[in-house]
Amino acid sequence: MFRLAGLLIGSAFAVALILLVLGMPELPAPVEPEPAPIEPLQAVVDPPEPAPEIFAEEPEPEPGPEPEPALQEPEPPPLEPEPVQWHAFWSPFGSRIAANGFVTRLESVTGFDYRVVKVDNGAFEVAFAYTNDAERERMLSTIAAATGLDLPDS
């Protein structure tokens, strides 16, 4: 407490001494800018240019034999997209931060899309989306090859 009081009193004394020796600094008077004269705007209108002749008359071609109508195949019914499933491929992490770090690294190495799924308090799994078993196996083998991890079912 005494140190703080001494610091404040000493600082005030030093400032007073500087002002006494050097004098009060003179600040320049603020300069107000002169307003620019406002001139009324005048509309400048150029006369319109004549439109180019784009509809020049051309002779009509002679009618030739009519083409035979092509047989149209009926359109196949739209395919229903396969449902997306998620596959958790690594043991659960103890925190979301650790799981997000793992996902960031995997995404940079493989280019796949991953999600962090909360399983329980303090348990977060990393999963990827797939539509069929062949795609799941392909993604697992790609992850294993890119990271060197020994994944189950790869």
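Mentor: Buried means under 20% relative accessible area, exposed over 50%, and partly exposed in between, with a 1.4 Å probe and protein chains only. This is a predicted model, where local features need pLDDT of at least 70, side-chain atom pairs count only at pLDDT 80 or more, and totals for chains, interfaces and linings use all residues. Residues are numbered from 1 along each chain as its sequence is written, and side-chain values use heavy atoms, without hydrogens and water.

Trainee: Why is Leu22 called exposed?

Mentor: Leu22 has a relative accessible area of 69%. The cut-off for exposed is over 50%, so Leu22 is exposed. Its place is in helix α1.

Trainee: Why does His87 count as buried?

Mentor: The relative accessibility of His87 is 14%, and buried means under 20%, so His87 counts as buried. His87 lies in strand β1, residues 85–88.

Trainee: What makes a run of residues a helix or a strand?

Mentor: Both are DSSP runs, numbered from the N terminus: helices are H or I with at least four residues, strands E with at least two. The protein has three helices and three strands, in the pattern α-β-α-β-β-α along the sequence.

Trainee: Which residues is His87 in contact with?

Mentor: Contact means heavy atoms within 4.5 Å. Leaving aside neighbours within four places in sequence, His87 is in contact with Val126, Ala127, Phe128, Tyr130, Arg136 and Leu140. Phe128 in turn touches, among others, Trp86, Phe89, Tyr114 and Ile143, not counting residues up to four places away.

Trainee: What makes a nonpolar core?

Mentor: It is a set of buried Ala, Val, Leu, Ile, Met, Phe, Trp, Tyr and Cys residues joined through side-chain atoms within 4.5 Å. The largest one here has 18 residues, of which Phe89, Leu106, Tyr114, Val126, Phe128 and Ile143 touch the most other members. Helix α2 (96–110), strands β2 (114–120) and β3, and helix α3 (133–147) each supply at least two residues of this core.

Trainee: How many residues of the protein count as buried?

Mentor: The share is 15% of the 154 residues.

Trainee: How confident is the predictor, and what is pLDDT?

Mentor: pLDDT is the predictor's confidence in each residue, from 0 to 100. The mean for the protein is 79, and 71% of its residues reach 70 or more. Where pLDDT is low, the predicted coordinates should not be read in detail.
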